[in-house]
Amino acid sequence: AVALPQPKTPEARAFVQGLTARYQLDSAIDDRYLAPAAPGRLEHYQLERFPLPLGMKKGIIRRFANEAYYYLFEEPFTTPASASVNVRTVLRDRLIAQIKALRSDHERVVIAAHSMGTIIAYDCLRNCSHCESVDGLITVGSPLGVDEIQDNLIPQRDFANAFPAAKLKGDWINVFDPLDPIAALDPRLSNDYRRAGAPVVRDIEESNWGKWRHTISKYLKGPQLRGALRAMLE
């Protein structure tokens, strides 16, 4: 992975700084979960909480906001080889080519995407007419519920028709841990990504653990996620 430089224009900096600030403010969710009588919270979250050092958490969130900007606003990026590339175009093309290759050799194709990957997967399925269809989608630790992300992915913010029905022929399952800092601003997607006005995304709360609740390897050990993936593939 190549670290993307900080955007230079005032508009770009405003987006990155604003999104970073929202995430850092919401990271106080860790403390809310520690409250002895936090209503509606599961006790095991309080027992498992081991917070990542604040400085490290801020750095990771800032990097995510920066990557989201380069993708969503199609900011040109100069590679180490001095080539100028459009990050969104490159990543779209990679995923679409992979789907095409899998579709030619396999009866069923299911996308399981994590974090920034959920943005790319949704964007290809919803906004790229040349993307081939898939039989299922699993999003994990996804930021797709965040307003700033949705503004640049859902035309006219048409949530009633935001489900990528033309390319997604099966179910969409969204897996989250409420203490996942990247998903925590709005972890449930069923209210936003509706099909013909009906909520169809299945939101699953699956406990991650440890100091950083966004880790994909821990999510993949979750019994609900594994069960959902198994059902899709069968």
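C128 is buried, at 5% relative accessible area; buried means under 20% relative accessible area, exposed over 50% and partly exposed in between, with a 1.4 Å probe and protein chains only. The model is predicted: local features need pLDDT of at least 70, side-chain atom pairs count only at pLDDT 80 or more, and totals for chains, interfaces and linings use all residues. Residues are numbered from 1 along each chain as its sequence is written, and side-chain values use heavy atoms, without hydrogens and water.

The structure holds 0 disulfides, a disulfide being a pair of cysteine sulfur atoms within 2.5 Å. C124 is in no disulfide. The closest cysteine sulfur to that of C128 lies in C124, 4.6 Å away, which is too far for a bond. C124 is buried as well, with 0% relative accessibility.

Helix α9 spans residues 223-233. Helices (H or I, at least four residues) and strands (E, at least two) are DSSP runs, numbered from the N terminus. L225, A228 and M232 of α9 are buried. They lie on the same side of α9, because they cover an arc of only 65° around the axis, taken from the directions from the helix axis to the C-beta atoms. An α-helix has 3.6 residues a turn, so residues three or four places apart point the same way. P223 and A231 are exposed, on the face of α9 turned away from its buried side. The cover over the buried residues includes β3 (110-114), β4 (134-140), β5 (168-176) and α8 (216-219).

E148 sits in helix α7 (residues 147-150). E148 is buried, at 18%. Beyond neighbours within four places in sequence, E148 is in contact (heavy atoms within 4.5 Å) with F15, L19, R22 and L72. E148 and F15 are 133 residues apart in sequence, yet 8.3 Å apart in space, C-alpha to C-alpha.
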